[in-house]
Structures are given as structure tokens and as C-alpha cells.
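I opened my notebook to look up a few things in this model, one item at a time. Here is what I wrote down along the way.

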Amino acid sequence: IFARLGGEEFCILLTSCNSLTAQQRAEACRQAIAEIDTTESGFDFTITASFGVSSVKNSGFELEKLLADADSATYTAKNNGRNQVAVFHPDIKSQLYVV
């Protein structure tokens, strides 16, 4: 399920998918976005994306909590240099790590 949450924020809800697979899919999307050729627009610029990943194993089954944890991970990815994937982990003191 793909949804726009606001301005520049989007959500991809992957059902029947574990955290590792979600992380791999996010990384594939990140790489595909980074490879977009913009020269046909008449301008040459780079497009990047930051992704946050969480899972029901880490965040539970409440959609609001799952999205909040993924959003927290996204902000970690942005704060650590952008154009990367960060995964939410509730058992780590910092709660997040960047992949």
C-alpha cells in the first residue's frame, strides 16, 4: 500500500514482510531514486530520498505507532546525512540505527 502522508512524506506499507526485507526494499527504492536522470528536464540535479523502516515486531500492530516509529527512523536518516535508510529498534537506547 502506497500513500502520501503530507508534503514530501510518503508511506509504503508492506504486508507479510519482515524488517530485513523492508529494509532491502527501501534501499532498492533509495538507489532507484538516486539514479534518476534529470537532464531531459533541461537541468542537471540530483534527487535523493531518506527512508525510515519499522516493523510490527518492533512497533506493534497499531498503525499510528508503526508510522510514528518509521517517521522517527526517517528523521534519523535525514539528520545523519540524508539519502540513506534507518531502521527503528526499540531495544537500543538511541532507538535507531542507520544502514
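**L66.** I began with L66, which counts as buried because its relative accessibility is 14%; buried means under 20% relative accessible area, exposed over 50%, and partly exposed in between, with a 1.4 Å probe and protein chains only. L66 lies in helix α3. Helices here are DSSP runs of H or I with at least four residues, strands are runs of E with at least two, and both are numbered from the N terminus. Before going on I noted that this is a predicted model, in which local features need pLDDT of at least 70, side-chain atom pairs count only at pLDDT 80 or more, and totals for chains, interfaces and linings use all residues. I also noted that residues are numbered from 1 along each chain as its sequence is written, and that side-chain values use heavy atoms, with hydrogens and water left out.

Which residues does L66 touch, not counting those up to four places away in sequence? I listed L13, S54, S55, V56, S59 and G60, where contact means heavy atoms within 4.5 Å. I also checked L66 against A3: they are 63 residues apart in sequence and 14 Å apart in space, C-alpha to C-alpha.

**Helix α3.** Next I checked the length of α3. Besides L66, I found D69, A70, A73, T74, T76 and A77 buried in α3. Seen down the axis, these buried residues fall within an arc of 160°, so they line one face of the helix; the arc is that of the directions from the helix axis to the C-beta atoms. On the other side of α3 I found E64 and N79 exposed.

**After α3.** I then followed the chain out of the helix. G81 comes after α3 and has a positive phi, near 120°. R82 is not a glycine, yet its phi is positive too, at about 65°. I placed R82 in the loop between α3 (63–79) and β4. A reminder to myself: most residues other than glycine have a negative phi.

**S16.** I looked up another positive phi at S16, a residue other than glycine, with a value near 55°. S16 sits in the loop between β2 and α1. Is S16 buried or exposed? I noted it as exposed, because its relative accessibility is 84%.

**S59.** This residue belongs to helix α2 (residues 56–59). With 8% relative accessibility, S59 counts as buried. Leaving out residues up to four places away in sequence, I found that S59 touches S54, K65, L66, D69 and F88. The side chains of S59 and S54 are joined by a polar contact of 2.4 Å; such a contact is a pair of N or O atoms within 3.5 Å, where within protein one must be able to donate a hydrogen and the other to accept it, and residues adjacent in sequence count only if both atoms are side-chain atoms.

**Helix α1.** How far apart are the end C-alpha atoms of α1 (residues 19–34)? I got 22 Å, which agrees with the 22 Å that its 16 residues should span at 1.5 Å a residue. I found S19, A22, Q23, A26 and R30 buried in α1. They cover an arc of only 100° around the axis, which puts them on the same side of α1. At the N-terminal end, N18 caps the helix, with a side-chain oxygen 3.2 Å from the backbone nitrogen of L20. I gave S19 a closer look: its relative accessible area is 17%, and, leaving aside neighbours within four places in sequence, S19 is in contact with V53, S55 and V87.

**The core.** Which residues make up the largest nonpolar core? I wrote down A22, A26, A49, F51, V53, V85 and V87, 7 residues in all. Such a core is a set of buried Ala, Val, Leu, Ile, Met, Phe, Trp, Tyr and Cys residues joined through side-chain atoms within 4.5 Å. I saw that α1, β3 (51–53) and β4 (85–88) each supply at least two residues of this core.

**The hairpin.** Last, I turned to β1 (residues 2–6) and β2 (residues 9–12), which pair in the antiparallel sense over 4 bridges; strands pair if DSSP finds at least two bridges between them. They form a hairpin with 2 residues between them, and A3 stands opposite C11 in β2.

Conventions:
Expected span 1.5 Å × (residues − 1).
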